Amino acid sequence: MKRFFQSFYWKLSLVFLLLLIALGIAQVTITYNSSMQFVRQADQKLNLNLAENMASEFETELEDELDISRIKSSIHDMMVVNPRIEIYLLDPFGEILAFFVEKGREVNTDSVNMEPVHEFLNNPQSDLILGQDPRNPTRTKPISVAELDIGRQEPGYVYIILGGEQYDSALSMLENSYFLQTSLKIFGIILLVTGIVGMILFAFLTRRLRRMAATIEKFDEGNLNQRVPVDSNDEIGRLAQSFNSMADTLQENVKELKKSDQLRRELIANVSHDLRSPLASIQGYLETILLKGAELSDEKREKYFNIILKNTVGLRKLVDELFELSKLDTQQVEPETEPFSIGDLVQDVVLKFEQKAAEKDIQIEPICPSGMPLVRGDIAMIERVLSNLIENAIQYSDKGGQIEIELEKQNSSVAIQVKDNGPGISEDDLPHIFDRFYRAEKSRSRSSGGTGLGLAIAKKIMELHNREINARNRENGGSVFEIELDRA
Ligand code: ADP
């Protein structure tokens, strides 16, 4: 119950009902006032000449002086005919000389305000002129006025209050008016029906809000699949839409968070694994050297030292690449792009790997057509990408292999392909080779010193250049890695 009185529906209904009641009160007041005005106006119009007629009758009976007793009887006759009038005889200044009101009623003032009297006489056709009621001097009522010769220099007045006491209160007017009673009853019924229909409509309209609140509560409790049905384009519909898209974003973010948490765990597992084996190997050989001491032949000692050195180099490479990747990840380094000649850069990198390629009797051939435009990028980063690709190509090619680095001008970019005729990449591995720590042939790669981070770094660098890196197998064996760079 408490919840009901706190509900939006209840507040809305309450405001609506209060407005209806205010409307009712305003309507009744306006009806009363305008009816009152109407009745008074009608009274005045009907009795416009009443005072005039009366005055002409009195004047025959008034010769030299005001003889009240002589006119009393004729007035009495009139009041029998029309009991709602009260008649006053005024001197030129408004002093009441005589009055004729129903028996038992009191007159509470000696004079009346003359302003309405003059107004009435000057402009008898005006809408409604209210004069002071001598029996109730704070009130005004419709009047009829006429001049009357009272045997003085200036004329006196016949001052008639119309309507008497009849409509002093709204209630008495209501009691007397069938029209008012009926219209008030009809109005009451209309208000009641409007109130009921309004409450039903509000219940219907706020039902969508209640449904939405229930859905959001469930969402809040952790059920992230909850969505609000959107069945209109009004404010509530738009609110529902906004909530839904917000929920989508939230759900997506939660998924992302879970994924990156998972990645972080995997990374830690991979790193610790990749650190542990070379460290264990280093420790083992060092212990052997120390333990055996002079017993070891020079040959063996050198072999052990070489293994230790190889492991140390591998560890160094792993740590360096991890550090580099994390810098790229956290965007500590921004690419500093500038125009440069990609042909020259390829030449430099090829030169760097010449020795290594020669060891495996591998040919590296840059194919750079003339008129190659400058490209835009971070030279150091692009050199890193090319180095990783060429190093891989050498590493995974067989002895006597052939590597081509082909540049091709395109509309808005230059494509660089690193092709080898090695074993290629199996279709299962292809989608994963850019993942961190992914090695196609795990045991071989590890023993060969690969960290599984080289392609991940290359991909990250290309992302920072808003470009992709792609790999595919060649038809006649071997693989192709392709990147594109914007023309400067
Ligand atoms: P790694 O340090 O192992 O070379 P990379 O990220 O550079 O790590 O490469 C990921 C994996 O992709 C490699 O282990 C290898 O299996 C595969 N790969 C990369 N380049 C080539 C290539 N040119 N030919 C065949 N396989 C490749």
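1. In this predicted model, Arg467 and Glu484 meet through their side chains in a salt bridge, at 3.4 Å from N to O. The pair joins distant parts of the chain, with Arg467 in the loop between H13 and strand S11 (469-473) and Glu484 in strand S12 (residues 479-486), 17 residues apart. Arg467 is partly exposed, at a relative accessible area of 23%, and Glu484 is partly exposed as well, at 24%.

2. Helix H9 (residues 298-329) carries Glu324, which is paired with Arg384 of helix H11 (residues 379-396) across 60 residues; the closest N and O atoms of this salt bridge are 2.6 Å apart. Arg384 is partly exposed, with a relative accessible area of 22%.

3. Asp329, also in helix H9, is linked to Lys460 in helix H13 (residues 454-464), 131 residues apart, by a salt bridge of 3.5 Å, N to O. Lys460 counts as buried because its relative accessible area of 17% falls under 20%, whereas Asp329 is partly exposed at 32%.

4. The whole structure contains 22 salt bridges, and a network of them links Arg208, Arg211, Asp231 and Asp234.

5. Two surface patches deserve a look. Glu52, Glu59, Glu147 and Asp149 form a negative one, in which Asp149, from the loop between strand S4 (136-148) and strand S5 (156-161), is partly exposed with a relative accessible area of 42%.

Definitions and conventions
Residues are numbered from 1 along each chain as its sequence is written. This is a predicted model: local features need pLDDT of at least 70, side-chain atom pairs count only at pLDDT 80 or more; totals for chains, interfaces and linings use all residues. Side-chain values use heavy atoms; hydrogens and water are left out. Patches are made of residues with over 30% relative accessible area and no salt bridge: like charges are joined within 9 Å, nonpolar side chains (Val, Leu, Ile, Met, Phe, Trp, Tyr) within 5 Å. Accessible areas come from the Shrake-Rupley method with a 1.4 Å probe; for residues, only the protein chains shown count as cover. A salt bridge is a side-chain nitrogen of Lys or Arg within 4 Å of a carboxyl oxygen of Asp or Glu. Lys and Arg count as positive and Asp and Glu as negative; His and the chain ends are not counted. The place of a charge is taken as NZ of Lys, CZ of Arg, CG of Asp or CD of Glu. Helices (H or I, at least four residues) and strands (E, at least two) are DSSP runs, numbered from the N terminus. Buried means under 20% relative accessible area, exposed over 50%, partly exposed in between (1.4 Å probe, protein chains only).
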